[in-house]
Amino acid sequence: MSAKKDWWVPPEGEGGASDKLLRKTRESPLVPVGLGGCLVVTAYGIYRLKARGPLKMSLHLIHTRVAAQACAVGAIMLGAVYTMYCDYIKRTAHDAEEK
């Protein structure tokens with residue numbers, strides 16, 4: 001019994017995972033920054049795993065997780081500040097020029 005390779009086709013306009021990631025990146029460009037920050041912190045945590053010294057493994061993992069979450073939250077905060085800037089400061093300055 002062999003499975004068909006094309007048994008599921010995504011709906012029109014909804015491509016693969018790479019298309020979806022590119023679309024999301026265009027909509028909110030700080031999402032890849034947050035993901036990249038999390039990946040960098042995780043890679044650094046794995047690299048430092050051997051040289052952690054007397055630190056317990058669980059404590060090392062908690063510190064790595066907190067640093068990765070801080071990168072993601074920082075990217076979210078930057079996105080929120082940028083959106084507020086575009087919506088309020090830039091728009092009010094543009095409206096004042098039109099009057």
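Visitor: Where does Ser28 lie?
Guide: This is a predicted model, and in it Ser28 lies in the loop that runs between helix α1 (17–27) and helix α2.

Visitor: Is Ser28 buried, exposed or partly exposed?
Guide: Ser28 is partly exposed, because its relative accessible area is 30%, and that value falls between the 20% limit for buried and the 50% limit for exposed.

Visitor: Let's move on to α2. What span should its 17 residues have, and what do the end C-alpha atoms give?
Guide: Helix α2 covers residues 31–47, and at 1.5 Å a residue it should span 24 Å. Its end C-alpha atoms are 24 Å apart, which agrees with that expectation.

Visitor: Which residues of α2 are buried?
Guide: Gly34, Gly37, Val41 and Gly45 are the buried residues there.

Visitor: Now Thr64: which helix is it in, and what does it touch?
Guide: Thr64 is found in helix α3, which takes in residues 57–98. Leaving aside residues up to four places away in sequence, Thr64 touches Val41, Thr42 and Gly45, and of these Val41 and Gly45 are among the buried residues of α2.

Visitor: Why does Thr64 count as buried?
Guide: Thr64 counts as buried because its relative accessibility is 17%, and the cut-off for buried is under 20%.

Visitor: Changing topic, which residues form the nonpolar patch on the surface?
Guide: The patch is formed by Tyr82, Met84, Tyr85, Tyr88 and Ile89, which together have about 590 Å² of accessible area. Ile89 is found in helix α3, and with a relative accessible area of 53% Ile89 is exposed.

Visitor: Last one, for the whole protein: how many helices and strands, and what share is buried?
Guide: The protein has three helices and zero strands, following the pattern α-α-α along the sequence. Buried residues make up 9% of its 99 residues, while the accessible surface comes to about 8700 Å², with 66% of that belonging to carbon and sulfur atoms.

Terms used
Residues numbered from 1 in each chain as written. Predicted model: local features only at pLDDT ≥ 70, side-chain atom pairs only at ≥ 80, totals over all residues. Heavy atoms only, no water. Helix = DSSP H or I, 4+ residues; strand = E, 2+ residues; numbered from the N terminus. Expected span 1.5 Å × (residues − 1). Buried < 20%, exposed > 50% of the residue type's maximum accessible area, 1.4 Å probe, protein only. Contact = heavy atoms within 4.5 Å. Patch = residues over 30% accessible without salt bridge, like charges linked within 9 Å, V, L, I, M, F, W, Y side chains within 5 Å. Areas by Shrake-Rupley, 256 points an atom, 1.4 Å probe, with all protein chains shown as cover. Salt bridge = Lys/Arg side-chain N within 4 Å of Asp/Glu carboxyl O.
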